[in-house]
Amino acid sequence: MNYTIGIDFGTLSGRAVLVSVEDGSEIASAVCDYPHGVIDRILPSSGEELPPAWALQDPADYLLVLGRVIREVREKAGVRAEDVIGLSVDFTCCTVMPIYSDGTPLCFTEKWKNEKNAWCKLWKHHAAQGYADRLNDIYLESGLDWLSHLGGKASGEWMLPKIWETLDTARGVFRDCDLFIEAGDWIVMQLTGKLTRNYMMASFKSFYRPEQGYPSDSFLEKCDPELRGLYSGKLSGRVLPCGSLAGRVTPEAAERFGLAPGTAVSPAIPDAHVGAFSLGISEPGDMFGIMGTSNCYFLLSDERKTVPGICGCVENGLIPGFFGYEAGLCCVGDHFSWAANCLTPPEYAAEAGEKGLSPLKLLISKAAEKRPGETGLVALDWWNGNRNILGNGLLSGMIVGMTLRTAPEDIMRALIEATAFGTRVIFDNFREHGLEIGRFTAAGGIARKDPFTVQLYADVLKLPIAVTSTSQAPALGCAIQAAASAGAGAGGYSSIAEAIERMHAKPDKVYYPDEEASKVYDLLYEEYKKLHDLFGRGGSDVMFRLRSIAAGEV
């Protein structure tokens, strides 16, 4: 029997599944937490305190994941390395690092280990938002149109603003590195010894279009003269579509990570987009969401439309032959955890211990006992900025309506509701610009483990939500891609479409909206929208002033 391995590199850990190529059944799984997690307070090498909105990671953690989870899933399943015909990885988009041509990250060297810009900038590193704003201004002044398919403006999360930030604040790092690379592409380089860039990250996050390539040097020069030649130099490399062959595992990588030399390796793929493969997304109007630390939403269509404020619309961006639309929220599970960590009183902690629950699960269970609207609260879900539709990482969270009667579970419920309202803003934006939403499928940790939150989303969106049978949708999607990359001759499949048809997971539960709850949420949503537009569309800039005061800038 033939198998493939998919590895999902998330925000806090890497998760692998070993899958049967025959039918996509998941044989074994393994998880490895990143020892350094998210580095957003102190730079480990020097003890330097990081500024606000910084979020870094240590690439050594990614190599540790590779070294552990591949062997672990094989050992659990009793599968030989030779029986694994292909491997694929996904990664959080816009997790960017400067490297030398041999693949060495600058932060691994004595010369640069104490320079924060030499480390891997995580997707939720939002300190580059100012560079995104400047880029957007220059773009508008230039009368160009290559951002129209990406919602009309660049995000501070994306590749170019982060590189520009490095150039502007650590010019030595910019000049010394040979390449800037997405972390997912770096992992593929570690496995194959070859530099490749994946089409989805390049097109959704780095402005690549097959018919036009990248933005011109004349545009880059307007940003900073030293950016001229960036795409042909420090961002060079062939761009490969999903399901193709990026390379084969080298003998050195095989020995290091527990694979057979020559094993097929797919191009990297974004950690959320790959869910299209595992969830069986195949028809115009099909939509899916990956619900976890952040929420990512994707819509399949057979036509291209200009939709402002989204992450993008890319041809062949999800499934070959269709247009893939992306949008999302950048703070979901993150701020549920914040509430549990910061708001759980001692008596709740004791109760959680007695019941064998985490504080987070206890707060959610208490929140579930409230009826819609009972808390008297409305929140804005911008604890980590706003990805869509406003596209500003420097916006911040808010809770309105608190009194001396407000309890921790009230706040938790308001935060959950806020993410559902933020999701509805995204869905409404798609519809307002001529796109139909048919069936909606959810995956990810929240979708599988938190039925209250999924039901609340169904009530707010007024849509049925199907939840898949897999708890590892991204990793399974990678394993499906790996079967296509290996090819039919090696025991895989001749196309990504064929691999999806044979290996995708099936929904095993559907949440239907409650009509009475939806009526109350319609009222709360109207209040959310007023706050959303007031603080997000220029009615008040208090959030930005508070950031400036906190940073000592005024």
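Predicted model: local features only at pLDDT ≥ 70, side-chain atom pairs only at ≥ 80, totals over all residues.
Lys366 lies over the face of Tyr348, 4.8 Å from the ring centre. A charge counts as over a ring if NZ of Lys or CZ of Arg is within 6 Å of the ring centre and within 35 degrees of the ring normal.

Residues are numbered from 1 along each chain as its sequence is written, and side-chain values use heavy atoms, with hydrogens and water left out.

Next come the aromatic pairs. A pair of aromatic rings is described by the distance of the centres and the angle of the planes. Rings of Phe, Tyr and Trp (its six-membered ring) pair if their centres lie within 6.5 Å; planes under 30 degrees apart are stacked, over 60 edge-to-face, and the rest tilted. By this rule there are 23 aromatic pairs. One of them joins Phe9 and Tyr62 edge-to-face, with 6.1 Å from centre to centre and 80° between the planes. That pair links distant parts of the chain: Phe9 sits in strand β1 (residues 3-9) and Tyr62 in helix α1 (residues 59-77), 53 residues apart. Helices (H or I, at least four residues) and strands (E, at least two) are DSSP runs, numbered from the N terminus. Phe9 counts as buried because its relative accessibility is 0%. Tyr62 is also buried, at 0%. The cut-offs are under 20% relative accessible area for buried, over 50% for exposed and partly exposed in between (1.4 Å probe, protein chains only).

Phe288 and Phe298 make a stacked pair, because their ring centres are 4.9 Å apart and their planes meet at 25°. Phe288 lies in strand β14 (residues 287-291) and Phe298 in strand β15 (residues 295-301), so the pair ties together parts that are ten residues apart in sequence. Phe288 is buried at 0% relative accessibility. Phe298 is buried too, with a relative accessible area of 0%.

Ring pairs also build a cluster from Tyr139, Trp146, Trp158, Phe207 and Phe219. Most residues other than glycine have a negative phi, and most peptide bonds are trans. Phe207 lies in the loop between α6 (199-205) and α7 (217-223). At 2% relative accessibility, Phe207 is buried. Ala53 has a positive phi as well, about 75°. Ala53 sits in the loop between β3 (26-33) and β4 (56-57). Its relative accessibility is 27%, so Ala53 counts as partly exposed.

The backbone also holds a cis peptide bond. It joins Asn388 and Ile389, with omega about 20°. Ile389 belongs to the loop between β18 and β19 (398-400). Val378 is in strand β18 (residues 378-380). Val378 is buried, at 10% relative accessibility. Which residues does Val378 touch, not counting residues up to four places away in sequence? They are Met398, Ile399, Val400, Leu524, Glu527, Tyr528 and Leu531. Contact means heavy atoms within 4.5 Å. Val378 and Ile399 are 21 residues apart in sequence, yet 5.8 Å apart in space, C-alpha to C-alpha.

Now the charges. The structure holds 33 salt bridges, each a side-chain nitrogen of Lys or Arg within 4 Å of a carboxyl oxygen of Asp or Glu. Asp83 bridges to Arg80, with the closest N and O atoms 3.0 Å apart. Glu221 and Arg228 form another, at 3.0 Å, N to O. Glu221 is partly exposed at 35% relative accessibility. Arg228 is partly exposed, at 46%. Asp286 and Arg439 also meet in a salt bridge, at 3.0 Å, N to O. Asp286 lies in the loop between α9 (275-278) and β14, and Arg439 in the loop between α13 (408-432) and β20 (440-443), so the pair ties together parts that are 153 residues apart in sequence. Asp286 is buried at 5%, whereas Arg439 is partly exposed at 39%. Salt bridges with shared partners join Arg424, Asp428, Arg431, Lys462 and Asp522 into one network.

Last, the surface. Leu546, Ile549 and Val554 form a nonpolar patch there, with about 340 Å² of accessible area together. Patches take residues with over 30% relative accessible area and no salt bridge; like charges are joined within 9 Å, nonpolar side chains (Val, Leu, Ile, Met, Phe, Trp, Tyr) within 5 Å. Accessible areas come from the Shrake-Rupley method with a 1.4 Å probe; for residues, only the protein chains shown count as cover. Ile549 is part of helix α19 (residues 542-550). Its relative accessibility is 54%, so Ile549 counts as exposed.
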